Amino acid sequence: MIKLALTKGRIEQKALQLLEKCGYDISPVREKGRKLVFHCGNLQIVLAKAADVITYVEHGTCDAGIVGRDTIMEQGGNFYELLDLGFGKCSFALAGLAGEEFYSGYGHKTVATKYPNVAKRFLQSKGIDCEIVKIEGSVELAPILGLADAIIDIVETGDTLRENGLSVIETVADISARLIVNTAAMKLKNQEIEQLLNQLANEVVKNAQTI
Ligand code: PRP
């Protein structure tokens with residue numbers, strides 16, 4: 001039995017589709033209501049918020065997890081990142097009000113983000129000394145309201161940026177859903193983990209070929 005933590009929300013449906021293609025009967029999750037734990041053959045699926053998926057996997061409460069690279073980059077932690085699952089594709093981008101220069105000038109800069117660790121690393125790598133303001137959601141508001149010169153946020157379709165008069169200055173990192181595994185489970189449940197990994201990897205390859 002593998003206990004798999006799955007990120008609720010945006011990547012949930014794609015993750016379930018992938019597990020279904022691997023042969024798992026995920027119908028209990030489809031009929032979920034407000035339940036959070038499901039028995040799907042030899043998989044126990046736990047639905048959790050992205051950051052908590054990492055916490056449960058890191059602590060070994062769950063053997064494995066499916067979570068976006070955005071949360072992995074922000075939160076870090078001690079676990080194995082085994083597979084790029086090929087869905088949930090988007091990117092971290094530095095964005096600002098269209099037509100405004102971010103890199104020019106010597107004035108004090110402020111960047112708003114939900115991902116302060118990602119922002120700090122990126123801006124340090126660029127040698128830019130600037131203030132980072134943590135925002136909880138709708139980060140696009142920060143430059144519009146004059147709180148920040150730019151944002152570092154997730155861009156998927158680009159619609160939110162466009163509709164709010166913002167544009168990408170630079171891509172920070174590519175993001176997609178990943179399979180992560182607890183380090184002890186990798187040893188103790190090696191056969192089961194390897195089996196899940198192979199099943200998922202085969203489907204990922206098939207999906208990539210049909211695109
Ligand atoms: C994310 C992100 C952007 C938007 C990007 O927000 O923070 O706002 O999606 O998607 P797009 O490029 O397809 O428009 P989310 O929907 O998670 O909401 P939040 O900002 O309230 O956290």
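Predicted model: local features only at pLDDT ≥ 70, side-chain atom pairs only at ≥ 80, totals over all residues.
**Stop 1: the ligand.** Select the ligand and its surroundings. The shell holds 13 residues. Lys114, Glu140, Asp153, Thr157 and Thr160 are the closest. Colour the shell by residue class: six are charged, five polar and two nonpolar.

**Stop 2: polar atoms at the ligand.** Go to Asp153. An N or O atom of its side chain sits 2.6 Å from a ligand oxygen. Next, pick Arg10, where a polar side-chain atom is 2.8 Å from an oxygen atom of the ligand. Then show the backbone of Glu156. A polar atom there lies 2.8 Å from a ligand oxygen. On its own, the ligand has 490 Å² of accessible area, and the protein covers 72% of this.

**Stop 3: elements of the shell.** Select strand S9 (150–155) and helix H7 (159–163). These are the elements that each give two or more residues to the shell around the ligand. S9 supplies the largest share, three residues.

**Stop 4: the pocket.** Hide the ligand. The space it takes is the largest pocket, with a volume of about 1100 Å³. The lining counts 37 residues. Nearest the pocket centre are Arg10, Asp70, Lys114, Tyr115 and Ile154. By class, the lining has 14 charged, 13 nonpolar and ten polar residues.

Note on methods: Residues numbered from 1 in each chain as written. Heavy atoms only, no water. Near = heavy atom within 4 Å. Polar contact = N/O pair within 3.5 Å; in protein donor to acceptor, adjacent residues only side chain to side chain. Areas by Shrake-Rupley, 256 points an atom, 1.4 Å probe, with all protein chains shown as cover. 1 Å grid on protein atoms, 1.4 Å probe; cavity = no way out; pocket = protein on both sides within 12 Å on 5 of 7 lines; lining within 4 Å. Sits in = over half its atoms within 2 Å of the grid points. Helix = DSSP H or I, 4+ residues; strand = E, 2+ residues; numbered from the N terminus. Nonpolar A, V, L, I, M, F, W, Y, C, P; charged D, E, K, R; others polar. Points joined across faces, edges and corners; volume = space filled by probe spheres on them.
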